[in-house]
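Please read this briefing alongside the sequence and the coordinates. The topics run from the overall fold to single residues.

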Amino acid sequence: YYELVIDGKNFQQNSALYVDGQRVGGIGGQDAAAREKAIYIDCGRLIYQRFPYSPVVKEFRLQVVNPGNEGSQVVNVSAP
């Protein structure tokens with residue numbers, strides 16, 4: 001797997017991460033057996049973990065949304 005560290009502010013323990021519009025983590029997100037998960041570290045850091053690791057670079061969009069539907073801006077990412 002690989003981990004993408006997401007730094008920001010005001011993250012909440014049940015914040016959801018949206019990857020290309022698909023919800024990962026948070027209430028109603030994918031479960032722990034899924035190939036992707038969002039891990040809450042603290043109010044300033046989340047980790048997006050993806051299985052399995054692939055050396056092929058992919059482009060995707062990320063957005064963090066707090067339970068009150070307050071969302072970050074959408075960020076375009078190029079990563080394996």
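In which strand does Asn 76 lie? Asn 76 lies in strand β7, where a strand is a DSSP run of E with at least two residues and a helix a run of H or I with at least four residues, both numbered from the N terminus. This is a predicted model, in which local features need pLDDT of at least 70 and side-chain atom pairs count only at pLDDT 80 or more, while totals for chains, interfaces and linings use all residues. Residues are numbered from 1 along each chain as its sequence is written, and side-chain values use heavy atoms, with hydrogens and water left out.

**Overall fold**

- The secondary structure of the protein chain comes to zero helices and seven strands, so that the pattern read along the sequence is β-β-β-β-β-β-β.
- The radius of gyration of the protein chain is 12 Å, which agrees with the value near 12 Å for a compact globule with 80 residues; this radius is taken over C-alpha atoms, and the globule rule is 2.2 Å times the number of residues to the power 0.38.
- Along its principal axes, the C-alpha trace of the protein chain spans about 35 × 25 × 20 Å.
- Buried residues make up 30% of the 80 residues in the protein chain, where buried means under 20% relative accessible area, exposed over 50%, and partly exposed in between, with a 1.4 Å probe and protein chains only.
- Of the contacts in the protein chain with a separation of 6 or more, 52% come from residues 24 or more positions apart, a contact being heavy atoms within 4.5 Å.

**The four-stranded sheet**

- An open sheet of four strands has the order β3-β2-β6-β7, with antiparallel pairing; two strands count as paired if DSSP finds at least two bridges between them.
- The edge strands of this sheet are β3 and β7, each of which pairs on one side only.
- Neighbouring strands of the sheet are turned by 35 degrees against each other on average, direction ignored; the axes are lines fitted to C-alpha atoms, for helices over the stretch in contact, and angles run from 0 to 180 degrees between N-to-C directions.
- Four bridges join β2 to β6, which run antiparallel, and Leu 17 stands opposite Val 64 in β6.
- Asn 76 and Phe 60 are 16 residues apart in sequence and 5.9 Å apart in space, C-alpha to C-alpha, and, leaving aside neighbours within four places in sequence, Asn 76 is in contact with Phe 60 and Arg 61.

**The nonpolar core**

- The largest nonpolar core has 13 residues, and those with the most contacts inside it are Ile 6, Leu 17, Val 19, Tyr 48, Phe 60, Leu 62 and Val 64; such a core is a set of buried Ala, Val, Leu, Ile, Met, Phe, Trp, Tyr and Cys residues joined through side-chain atoms within 4.5 Å.
- Two or more residues of this core come from each of β1 (2-7), β2 (16-19), β5, β6 (58-65) and β7 (75-79), and β6 gives the most, with three residues.
- Leaving aside its neighbours within four places in sequence, Val 19 is in contact with Val 24, Glu 36, Tyr 48, Phe 60, Arg 61 and Leu 62.

**Buried polar residues**

- Gln 49 has its place in strand β5 (residues 45-50) and counts as buried because its relative accessibility is 7%.
- The side chain of Gln 49 makes a polar contact of 2.8 Å with the side chain of Glu 3; a polar contact is a pair of N or O atoms within 3.5 Å, of which, within protein, one must be able to donate a hydrogen and the other to accept it, and residues adjacent in sequence count only if both atoms are side-chain atoms.
- Not counting residues up to four places away in sequence, Gln 49 touches Tyr 1, Tyr 2, Glu 3, Arg 35, Glu 36, Lys 37 and Ile 39.
- Glu 36 has its place in strand β4 (residues 36-42) and is buried, with a relative accessible area of 16%, while a polar contact of 2.3 Å joins the side chains of Glu 36 and Tyr 48.

**Backbone features in the loops**

- Most residues other than glycine have a negative phi, and most peptide bonds are trans.
- A cis peptide bond joins Phe 51 and Pro 52, with omega about -25 degrees, and Pro 52 has its place in the loop between β5 and β6.
- Asp 20, in the loop between β2 and β3 (22-24), has a positive phi near 50 degrees and counts as partly exposed at 39% relative accessibility.
- Asn 69, in the loop between β6 and β7, has a positive phi near 65 degrees and is exposed, with a relative accessible area of 66%.
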